[in-house]
Amino acid sequence: MSATSISNLSNSIFVLTGFPGLELDYLWLSIPFSSIYAMVFLGNCMVLHVIRTEPSLHQPMFYFLAMLALTDLCMGLSTVHTVLGILWGLIQEISLDSCIAQSYFIHGLSFMESSVLLAMAFDRYIAICNPLHYSSILSNDKIMKIWMAILGRSSLLIPPVIIRLKFLTYCHPHILSHSFCLHQDLIRMACSDIRFNSIYGLALVISNLFLDAVLILISYIMILHTVLAIASQEERIKSLQTCVSHICAVLVFYVPIIGLTMVHRFGKHLSPLVHILMGNIYILFPPLMNPIIYSIKTQQIRRRIQRLCYLYIA
């Protein structure tokens, strides 16, 4: 293959995949997807607004919740233009540079959400296992340092593997598996040496998602050990209830990741629609569900949102 051909292949456009076989129903499919994105934006913006304007919520737990809402909001913004663009018939293709940029934000925000959930687990551990030193351990200064560490971990570790995508040669059919770009999708189409991307990518997943999940599990084992040592059953239940929202958020984040991994690993025989559906659940389910979970399970946020709704209705 000539150098010109290789250059054309490496810098050409990629075809986004919507819902194969349902092209005639895209307009109808756009209605639920548009509604989901609207709920993602409104729900997370509402959580951020309530935490910012309600002085009683200026506490470590809610600062971490604001970080989670901001991450979910950005995840929605990173994919809305391609997902809805396909369903509305506005776009069908994406350039390599745009695809690389989108994959950076998707994976970076996924790592960021995992890190925020770990920070929230640490918050619950301190609140239950060391309540007398809670305010001194999680001061505003410490929370700011944790936030900066999360930003650095999520944004600075990914560029080596993402930037290398720009220099790979893509000679396989330029058809993406989803309506958005993922790193594993791009390296699947490359015919260059992808060992660095594969090894570094696996290391990132282990050192971020897997390690965070293990640390979250350890924190809850220690929390459970402390709670079971409490004499009063009422106090035990009260302590565990403060963790319910976070446990739900952890499940909402990790279950779709596990499901998508299992489908890609063992579901080769499944319909492409299953792969695409799992990919969309992985992207949209956490940002959609987290505001709902915390609005229902957190009394302070629920009351504040109710007051806002009464004001708008009146």
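Among contacts in the protein chain between residues at least 6 apart in sequence, what percentage join residues at least 24 apart? The share is 77%. This is a predicted model, and its protein chain contains 13 helices and 2 strands. The radius of gyration of the chain is 22 Å, close to the 20 Å that the globule rule gives for 314 residues, so the chain is as compact as a globular protein of that length.

**Overall dimensions and burial**

- Taken along the principal axes, the box filled by the C-alpha atoms of the protein chain is roughly 75 × 50 × 35 Å.
- Of the 314 residues in the protein chain, 44% are buried.

**Helix α4 against helix α9**

- Helix α4 spans residues 96-129 and helix α9 spans residues 195-228; the two pack with their axes 9 Å apart, at an angle of about 15 degrees.
- Because angles under 35 degrees count as roughly parallel, α4 is roughly parallel to α9.
- The crossing formed by α4 and α9 is left-handed.
- In the contact of α4 with α9, the residues comprise 16 nonpolar, 6 polar and 2 charged.

**Helix α9 against helix α10**

- Helix α9 also packs with helix α10, which covers residues 233-241; the angle is about 160 degrees and the axes lie 9 Å apart.
- Because angles over 145 degrees count as roughly antiparallel, α9 is roughly antiparallel to α10.
- The crossing of α9 and α10 is right-handed.
- On the α9 side, L224, V227 and L228 take part in the contact, and they meet R236, S239 and L240 in α10.
- The residues of this contact of α9 with α10 divide into 4 nonpolar, 1 polar and 1 charged.

**Helix α4 against helix α12**

- Helix α12 is made up of residues 272-297.
- The axes of α4 and α12 cross at roughly 35 degrees and come within 11 Å.
- Where α4 passes α12, the crossing is left-handed.
- From α4, the residues I106, S110, E113 and M120 meet Y282, I283, P286, N290 and Y294 in α12.
- By type, the residues of the contact of α4 with α12 are 6 nonpolar, 2 polar and 1 charged.

**Residue S110**

- S110 is found in helix α4, and S110 is one of the α4 residues that meet α12.
- With a relative accessible area of 3%, S110 is buried, because the term applies to residues under 20%.
- Leaving aside residues up to four places away in sequence, S110 touches M75, L209, F253, I257 and Y282.
- Another partner of S110, Y282, is among the α12 residues in the contact with α4.

**Residue V274**

- V274 is found in helix α12.
- Is V274 buried or partly exposed? V274 is partly exposed, with a relative accessible area of 31%, because that value falls between the 20% limit for buried and the 50% limit for exposed.
- V274 and H264 are 10 residues apart along the chain, and their C-alpha atoms are separated by 9.9 Å.

Methods: Residues numbered from 1 in each chain as written. Predicted model: local features only at pLDDT ≥ 70, side-chain atom pairs only at ≥ 80, totals over all residues. Heavy atoms only, no water. Axes fitted to C-alpha atoms, helices over the stretch in contact; angles between N-to-C directions. Helix = DSSP H or I, 4+ residues; strand = E, 2+ residues; numbered from the N terminus. Parallel < 35°, antiparallel > 145°, perpendicular 65-115°, else oblique. Left-handed = near helix turned anticlockwise from the far one by under 90°. Nonpolar A, V, L, I, M, F, W, Y, C, P; charged D, E, K, R; others polar. Rg over C-alpha atoms; globule rule 2.2 N^0.38 Å. Buried < 20%, exposed > 50% of the residue type's maximum accessible area, 1.4 Å probe, protein only. Contact = heavy atoms within 4.5 Å.
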